[in-house]
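Subject: Structure for you to look at

Hello,

Here is the structure I said I would pass on. Please open it first, then read the notes below it.

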Amino acid sequence: MASKAGDDPESLMSLCTVFCLKNLRRTMCYSGEHSRLQLRPDVFLPGEICDRLVNVYMDLLHTDSDFEPQDGFFQLFSDPRSTRLTRLQLREELVLDRDLEAIAKQDLMELHLTYCSRLTSRGLRTLCSFRHSLRSLSLFGCSDIFFRKGGAPLAYSEEDEEDLEEHLHRPSVDQDFSFQGFNRLRLLNLGGLPAELDVETLLRPLPALTSLDLSAVHLPRPAFLTQWKERLASLVLYNVELTEELIHTLLQMSRLRHLDISRENQRTSKFKMTRKILSSIVQSLVHLVSLDISGHIMLDNCTVPAFEDAVGRPSIEPCKSSIYPFQELKRPLQFLGLYNTTLCNVTHIPAYKLVITALKTHKYDKSIQVTGSAALFYLTNTEYRSDQSVRLRRQVIQVVLNGMEQYQEVTVQRNCCLTLCNFSIPEELEFQYHRVNLLLLKILEPARQDESIQRIAVHLCNALVCQVDNDHKEAVGKMGFVKTMLNLIQKKLQDRMCDQVMEFSWSALWNITDETPDNCQMFLECNGMNLFLECLKEFPDKQELHRNMLGLLGNVAEVKALRPQLLTKQFITVFSELLDSKADGIEVSYNACGVLAHIMFDGSDVWTMEEPKRSHVMDKMWAAIQSWDVSSRRNINYRSFEPILRLLPQSGAPVSQHWATWALYNLVSVYPSKYCPLLIKEGGVILLQKVLELESSHQETKDMARKVMEQCENFKEDPMDTSR
């Protein structure tokens, strides 16, 4: 695929890492005893490369459907003399207790485990191996790691016998684990910690914490948090039930820079947020740069009345804040979460938007992806857009595509597709061209996709293949684009429904076949012509549909090798009948005539049919061309005249020559500034001169050729004249 300006290629390091992981036995490993994966004895890998290998391995397992888990992969990193691991991010059910045990001798500094549902207390005890080196630990969503599998009580009576089976399968809290000795630990995430665990006792041995996440953790005695009031910079209490005691405790945490006390929804909350509490937070936590209070019920009116609100563009200056308590801020916050509160609709919010960071950080949190993707839609579609740099808008595209990859879920996919519609297509998406097309085609695969998502995705597909170079179109064709569009058309035909999806699908096929013979051939091979005939028959009055279909067939007819497949009695009869169509102005008639013009250009030798007669079809073509208004404004866009110009200097089919000359005259007279330079550049004036010299050219064709040449001559003399 041709590279475009700003299209950042993959780094050599990234390419090599993926290659090695997909070819382990051919690169850094060999098959040992029992075909077990073994690291080659002469391989010594530094920490940066080992970390990358493990983290990319996890990414491939989640994103590449062809990539299989490698048995014994973590065992490759068991010896710190040949491999070094320092920073790992492992997630979900692919991580087992034995994987952690395999790397137990490594001096890990960061270990982030996310929703690792198959880790048990065996894995928890392995963590103690890293206690001397670990600085950052996340056990988010890993609740099973704190439990032993159930065992029978030491003694039981006959009355207990009925409950024994249940007890054997009931897990029990592992009381042996403690954070004693984790002296270097600064960042700890225990989000989702089970209520059976006493969080206060668990955390007491960690005096040096600076960042703590206790999302959804039960805090019956919150005062213990003041143990870190001089150190804690970040505290996340998402979905934690707030109380007066907890608020009182928070106000003592004077070093906090980031505080998250948001909730998923208001229904389950007994706590009510007040203007007084917000003011206290602003006054007491003077170092705050990030605050999230999303999902809370506001008890009293915190907002400035509309008639008093500062006028003008949205401002992040605290003094202009539409929310009273935040007028006391010394400077704007980096982030202020107000989602699902009565405060989120105000004009002046004293914060920069950090939705992108949230979506990157919480790629696997569905609720954050749903709300964040919705926020991005509004942020890319408002007056903020003019302030957004190319780099920022590229970051938005990246996290939107991440969301589409991770979640086959209606709300996320709809939000992501709608957000992409806010960008200039294809220009702003071209740096991710291959990826975005693959994702959209994947969305369109299911036979019964949500109707609104299907409509948006087909619109995006169409926009992406319009106005891009042929390399891009060929690449997208090879991804299965043509087949996907024809499948959608087939489905709509079965439902006897001609809606936007049907029209966009034909339009997309028109665009992707433009000067791209491979895609034209794919259209024919995938039963495209039969679908064309069925659509004509089923929807005889759908003018826009007819225009799109005929435009596409015009592209097919431009490919000499494919024209014999159009030369059948059935197809020629249909094209001849469409010459009389008044659908969409002249467009359907014009395109039908264009298809026939290319077929006639191949000469009488290829016309092997008895009916319809070649001369009869030619007469109909002449009559159609003479009926068109040459000043018609056109619903068409030519990037090159080459397919038209090749019909000019020839004597075998004067009607084809006439159609081509009429097309040029119409375009250069209605749109001189666009098409005169194109015609001159592609040598059209010289070819028109040859038309005048040919005896076989009809007089009216010659007259029209002269007018085209005069139009180009006048344009060269006075290029600033826009009166035509």
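In helix H21 (residues 569–578), the buried residues are Phe-571, Ile-572, Val-574, Phe-575, Ser-576 and Leu-578. Buried means under 20% relative accessible area, exposed means over 50%, and partly exposed lies in between, with a 1.4 Å probe and protein chains only. Helices (H or I, at least four residues) and strands (E, at least two) are DSSP runs, numbered from the N terminus. The cover over the buried residues of H21 includes H19, helix H20 (543–557), helix H22 (587–601) and helix H23 (614–627); contact here means heavy atoms within 4.5 Å.

Two notes on the source. This is a predicted model, in which local features need pLDDT of at least 70 and side-chain atom pairs count only at pLDDT 80 or more, while totals for chains, interfaces and linings use all residues. Residues are numbered from 1 along each chain as its sequence is written, and side-chain values use heavy atoms, with hydrogens and water left out.

**The chain as a whole**

The chain has 28 helices and 15 strands. It runs to 724 residues, of which 51% count as buried. Among contacts between residues at least 6 apart in sequence, 67% join residues at least 24 apart.

Helix H16 (residues 481–494) packs against helix H19 (residues 528–538) at an angle of about 35°, and their axes are 11 Å apart. Axes are lines fitted to C-alpha atoms, for helices over the stretch in contact, and angles run from 0 to 180 degrees between N-to-C directions. The crossing of H16 and H19 is left-handed, meaning that the near helix is turned anticlockwise from the far one by less than a right angle; clockwise would be right-handed. From H16, Leu-486, Ile-489, Gln-490 and Leu-493 meet Gly-528, Leu-531, Glu-534, Cys-535 and Glu-538 of H19. By class, this contact of H16 with H19 has 5 nonpolar, 2 polar and 2 charged residues. Ala, Val, Leu, Ile, Met, Phe, Trp, Tyr, Cys and Pro count as nonpolar, Asp, Glu, Lys and Arg as charged, and the others, Gly among them, as polar.

**Backbone points to check**

Two cis peptide bonds are worth a look:

- Ile-425 and Pro-426 are joined by a cis peptide bond with omega of about 5°. Pro-426 is in the loop between helix H12 (410–420) and helix H13 (433–444).
- Glu-611 and Pro-612 are joined by a cis peptide bond with omega of about -10°. Pro-612 is in the loop between H22 and H23.

- Glu-515 has a phi of about 50°. Glu-515 sits in the loop between helix H17 (500–512) and helix H18 (517–525) and is partly exposed, with a relative accessible area of 30%.
- Asn-527 has a phi near 70°. Asn-527 is in the loop between H18 and H19 and is partly exposed, at 36% relative accessible area.

**Two buried residues**

Leu-225 is in the loop between strand S9 (211–213) and strand S10 (234–236). Leu-225 counts as buried because its relative accessibility is 0%. Leaving out residues up to four places away in sequence, Leu-225 touches Leu-212, Leu-214, Leu-235, Leu-246, Thr-249 and Met-253. The C-alpha atoms of Leu-225 and Arg-204 are separated by 9.5 Å, with the two residues 21 apart along the chain.

Ser-279 is in helix H8 (residues 275–284) and counts as buried at 14% relative accessibility. With residues up to four places away in sequence not counted, Ser-279 touches Pro-325 and Glu-328.

**Cavity**

The structure holds 1 cavity of 30 Å³ or more. On a 1 Å grid over the protein atoms alone, a cavity is a set of points where a 1.4 Å probe fits but cannot get out, and lining residues have an atom within 4 Å of a point. Grid points are joined across faces, edges and corners, and a volume is the space filled by probe spheres set on the points. The largest cavity has a volume of about 30 Å³. Its lining consists of Leu-139, Gly-141, Cys-142, Ser-143, Phe-146, Leu-190, Gly-191, Gly-192, Leu-193 and Pro-194. These divide into 6 nonpolar, 4 polar and no charged residues.

Regards

Definitions and conventions. On a 1 Å grid over the protein atoms alone, a cavity is a set of points where a 1.4 Å probe fits but cannot get out, and a pocket is an open set with protein on both sides within 12 Å along at least five of seven lines; lining residues have an atom within 4 Å of a point.
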